Protein chains: 2
Amino acid sequence: MTDLFLQFKEKLIELYYLSSALAVLHWDREVNMPKKGVLARAQTTAALAGVLHEKLLSIKPFLLPLKSNLDDGKLDEEASIIVREVWREFEKAEKLSTDFVKELARVTSEAHATWAEARTKSDFAKFAPHLHKIVELKREEAKLLGYKDSPYNALLDTFEPYATAEEMSITLEELKDFLIPFIQKIKNSSVKVDRNILKGEFPIEEQVKFNRFVAEKMGYDLGAGRIDVSTHPFTIQFHPQDVRFTTRYDKADVFPALMATIHEAGHALYEQGILVENFGTPFGESISLGIHESQSRSWENLIGRSKPFWTYLYPELQKEFPEPFAETSLDNFYRALNCVEPSFIRVEADEVTYNLHIILRFEIEKELVEGSIEVDDLPKIWNDKFKEYFGLEVPDDSLGVLQDVHWSGGSIGYFPTYTLGNLYSAQFYSASKRDIPDLEEQIAKGEFTDFLQWLRKNIHIHGKLYTARDLVMNVTGEPLKSKYFIDYLKKKYSEIYKL
Amino acid sequence: MTDLFLQFKEKLIELYYLSSALAVLHWDREVNMPKKGVLARAQTTAALAGVLHEKLLSIKPFLLPLKSNLDDGKLDEEASIIVREVWREFEKAEKLSTDFVKELARVTSEAHATWAEARTKSDFAKFAPHLHKIVELKREEAKLLGYKDSPYNALLDTFEPYATAEEMSITLEELKDFLIPFIQKIKNSSVKVDRNILKGEFPIEEQVKFNRFVAEKMGYDLGAGRIDVSTHPFTIQFHPQDVRFTTRYDKADVFPALMATIHEAGHALYEQGILVENFGTPFGESISLGIHESQSRSWENLIGRSKPFWTYLYPELQKEFPEPFAETSLDNFYRALNCVEPSFIRVEADEVTYNLHIILRFEIEKELVEGSIEVDDLPKIWNDKFKEYFGLEVPDDSLGVLQDVHWSGGSIGYFPTYTLGNLYSAQFYSASKRDIPDLEEQIAKGEFTDFLQWLRKNIHIHGKLYTARDLVMNVTGEPLKSKYFIDYLKKKYSEIYKL
């Protein structure tokens, strides 16, 4: 038994190291790729994805007897969780043929390149045939995996284990019911916030320096990572000792880069907080995308858009960029940073309107997978919904349906995890304030160590020891509730907009 | 038969695409690696190398019947060459166990990181245990592969197919016999060349721009590659459409970067000249390291240190860096660039003394593998030989035995291919001048297209269609002769040094 388990673990560790190679290919594609190399990279990615799939299936002779032991209650707690989680992955993989996996990798790799070009040219028709193929493959994937009620559930489960479309619909409807009138109230407020006071001229080199400074201040270890540039900022881990993220710079505005950096550094801190000795088992992995997003959102919004944070950081920002900040007071700056205004681009949205972007995507991708709408109709459907929720006409598809990278990579069922992240983050942050009574005083002094340690101790170091559900219960004493997030928005924005 | 061959080719193409993934890991390690990620990368590299090894062995059921057909003369020319060349690789791989390959990858990946640190600190003792382990593994590799006469032959053959230590010894002795008195003559010449007139202050950013300009002028396609920075410049191809190289910048001297760029771009042009449709078979691969080096050396030395080349490029250099070049004449500049002076660092050596560096390494690594000297004695042996050949005392090991990356990566038997490259390049260049009578006039006008097309047509597009031996005979009408290289040095340097 022990021998079997050890052999099983050895196979597993090899699998994780090989997965890192796939992650390196992905990172390189996003950060470094020469244009003509894209097609060959798609082939390499597909070949390696195929190998990984085969390797995962090849653990069957070790896994099957262990699964029997698990079902018979014969494994200790650690082994139980490892076998349970690996079984989940294995079962999914077994249901998808190697050819299917390779085809999906190849199609999405090519689609990604076309998407990037289509977005630049705002040319949806260019991307449509690729997306059509991806949707077909994802429907097939759902069928192969099996599902209850909606094929969307099979896809959602790969990003947020145990979540369902029905639950998500309820949560998102609740949020929509709060958000639409709340945003209306803000619109009607006599307080007018001018985001333009944040604009100026910011040499990229100096921005790079400032972003590194902020990430390191948060606790991000540049000796175990890198910060680069890509079209769509992302974080990726090859190992807890090599966790990289990207941002994107705008010469006229420091905040696209800076807020992306704080967000991605939040993700990266989670991955750097995973215990090295657990690499190669589910204990060396994050719980779910929703929990991951709770980390990035805690840093980006709960902290990164708060008054205490900028009490500390604003003088540093003023020192680095006296033009335009020297003449602007902290209060005016804080209001501008938290300006609420319906806008086209999700990743640049304020934290109030943000979740309406998610609701729109969730509704569309669910119907797309269920087959009640078709790819060619997407621009119209997107623009109609956008008008309804945001009151804005989408001027072109690069500001609409083409803006996000996700679908081009086959990530359908991913979007709702962003909103889950927002909900979790507010609930966790409330618990951290309970445990660290002077947290906001610390933050106002630029001291983030206690908060990071709190995240490490309560979340990061456990890997997949707990499910998302259990973790939230353990850490906050309650199941996930939207009330924390809604209360947070109400309090903060009622103050800013004098509602 | 045809079906079998097609299936075999399909397997082979998958193998090549997977090899690209290994190459990406390698490139990333050299260019991007955060310090703490090195150990994990070693594991990932080892795991993937193991997969590749298994995949290569798994073609056996296809390869064996094709090999019988080859031996019976039943294959057409194309298939014959493919099967012959894959058989060579397969046979080697079959003789090395998966565990051996993984161990070698792991050990060299770790050794590389330690070497980089040891070199910085000039601390050979730090690196010695790693090198000791590598030498042991390489001796074992030679034993597993089998060899005639010297175990060094088994290793040399992996870099330069069909070459032997005995041949190399003869060639290198011949060269040594010419070089030592020739260098003495230069030393005794009344002409004194001052390399210091090339020094100045050169902002890295402007150097980067100039290096890109030169590489593109040569014909290097940045849409199918990238130029980055690494400690030891190198070229790597993932596919003919993604061929990357690195250089390294020195603020006080443009030439380390520029000559490395011209050298590496020469390698990269070879790889970009491989036919895309041949990717995945030996026709999509370069012939040998010696032939590869002939390409880089042609561009770096035969062209890149010639009067015609600088007749074109010097005004551009003067425009970009008026300080210090505006006041220096082309003739003085040309002499300074071709200053001959024994020095410590191989990669910075002039083209006359360069091959003495190779001779020293060849003699040492051959004896190391044969077991007649030991790792711990290397600094002393190196420094004694250096004194004998160059008349210089090595001040510390970073300028001596620790300077090269090769041994840390397990590349023993690699060095002599550099000298082969020099010999080939002179013989090829002579043939190109025969075929393009106004070649040097073209070069003096900055026109490199005819020369590149000549290389493409005669060398690049053939992949492994010919062996090195056949290629030289086809292209130049003669077997490899050292006379072309010796004549080239004699003519050029007799003129410069008025011998």
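In chain A, 34 residues of domain 1 are in contact with 32 residues of domain 2, two residues being in contact if their C-beta atoms, placed from the backbone, lie within 7 Å. The structure is a predicted model, in which local features need pLDDT of at least 70 and side-chain atom pairs count only at pLDDT 80 or more, whereas totals for chains, interfaces and linings use all residues. Residues are numbered from 1 along each chain as its sequence is written, and chains are lettered from A and ligands numbered from 1 in the order in which they are written.

Domain 1 of chain A covers residues 2-146 and domain 2 covers residues 165-496, with bounds that come from an automatic or database domain assignment. Their C-alpha centres are 26 Å apart. On the side of domain 1 of chain A that touches domain 2 of chain A, two or more residues each come from α1, α4 (77-95), α5 (98-121) and α6 (124-145) of chain A; helices (H or I, at least four residues) and strands (E, at least two) are DSSP runs, numbered from the N terminus. The most is given by α1(A), with 11 residues. By class, this side of domain 1 of chain A has 22 nonpolar, six polar and six charged residues, where Ala, Val, Leu, Ile, Met, Phe, Trp, Tyr, Cys and Pro count as nonpolar, Asp, Glu, Lys and Arg as charged, and the others, Gly among them, as polar.

The contact between the chains takes 28 residues from chain A and 28 residues from chain B. In chain A, α1 (2-32), α2 (38-57) and β2 (235-239) each supply at least two residues of the side that touches chain B. Here too α1(A) gives the most, with nine residues. The side of chain A that touches chain B comprises 13 nonpolar, nine polar and six charged residues.

Chain A contains an open sheet of three strands in the order β1-β3-β2, with mixed pairing; two strands pair if DSSP finds at least two bridges between them. Its edge strands, β1 (227-229) and β2 of chain A, each pair on one side only. From one strand to the next, the twist averages 25 degrees. Strands β2(A) and β3(A) (residues 242-247) run antiparallel and are joined by four bridges, and Gln237(A) has Val243(A) of β3(A) as its bridge partner. Helix α10 (residues 255-272) of chain A lies across β2 and β3 of chain A, at about 165 degrees to β3(A). Axes are lines fitted to C-alpha atoms, for helices over the stretch in contact, and angles run from 0 to 180 degrees between N-to-C directions.

In chain B, β2(B) and β3(B) (residues 242-247) likewise pair in the antiparallel sense over four bridges. A hairpin of two residues joins β2(B) to β3(B), and Thr235(B) stands opposite Phe245(B) in β3(B). Five of the five residues of β2(B) (residues 235-239) are buried, so this strand is largely enclosed by the rest of the structure. A residue is buried if 20 or more other C-beta atoms lie within 10 Å of its own, exposed if 12 or fewer, and partly exposed in between, with C-beta atoms placed from the backbone.
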